Amino acid sequence: MFLVKTDHFGAALWERIIDGEGAHSMLYIAVAGDGGFVIAGNLVRGDSDMLVLKVDGEGRELWRRTIGTTGADDVNHGLALLPDGRIVVTGYSRSWGARENDILAATLSPAGELLSCEMLGGAGDDRPILAHADASGRVWIAGQTTSAGTGDTDVLLARLD
């Protein structure tokens, strides 16, 4: 993974390469309250797992966590930082008791400890597209579902407290 921090004119302030096992596809980045960055995406080592990294303000890796199970793809599709520093990543999964693809919402502490993992969805295919935290700490998930609605792909809006 290649990280670059630029000034407001686009000039590079620093560049970092963060390597590790498997193929990384990083999709989301957010500025943490401590001046560091939280980065979320996927790690592929046969199956896909959700990957979350925390780097400091200079791009040095502080911790990394994978979320997923062996034998199933767990695919990241959202990152939200809560006002208290907790991290919520959303994605879809066929593991963790899912019937088809269900929405996976995992909450991590600011230090990267897995605090909770919830599955949302029905008998059809349910996938998040975007996650957003509001000022009160609720996370809103916009996505798509075939579990409810017309029977075709419909819009899904969910809220985590």
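In what order do the elements of the protein chain run from the N terminus on? The elements run β-β-β-β-β-β-β-β-β-β-β-β-β, and the count comes to zero helices and 13 strands. Helices (H or I, at least four residues) and strands (E, at least two) are DSSP runs, numbered from the N terminus. The model is predicted: local features need pLDDT of at least 70, side-chain atom pairs count only at pLDDT 80 or more, and totals for chains, interfaces and linings use all residues. Residues are numbered from 1 along each chain as its sequence is written, and side-chain values use heavy atoms, with hydrogens and water left out.

Along its principal axes, the C-alpha trace of the protein chain spans about 50 × 40 × 30 Å. Of the 161 residues, 43% count as buried, meaning under 20% relative accessible area with a 1.4 Å probe, protein chains only.

In soluble globular proteins, nonpolar side chains tend to be buried together. A nonpolar core is a set of buried Ala, Val, Leu, Ile, Met, Phe, Trp, Tyr and Cys residues joined through side-chain atoms within 4.5 Å. The largest such core has 14 residues, and Val38, Val52, Ile67, Leu79, Ile87, Val89 and Leu108 have the most contacts inside it. Two or more residues each are given to this core by β4 (37–45), β5 (47–55), β6 (61–67), β8 (87–93) and β9 (102–108). The largest share, three residues, comes from β9. A second, separate core of 12 residues includes Ala80, Val88, Ile103 and Ala131.

Leaving out residues up to four places away in sequence, Val52 touches Val38, Ile39, Ala40, Trp63, Arg64, Arg65, Ile67, Ile87, Val89 and Leu108; contact means heavy atoms within 4.5 Å.

Methods: Buried < 20%, exposed > 50% of the residue type's maximum accessible area, 1.4 Å probe, protein only.
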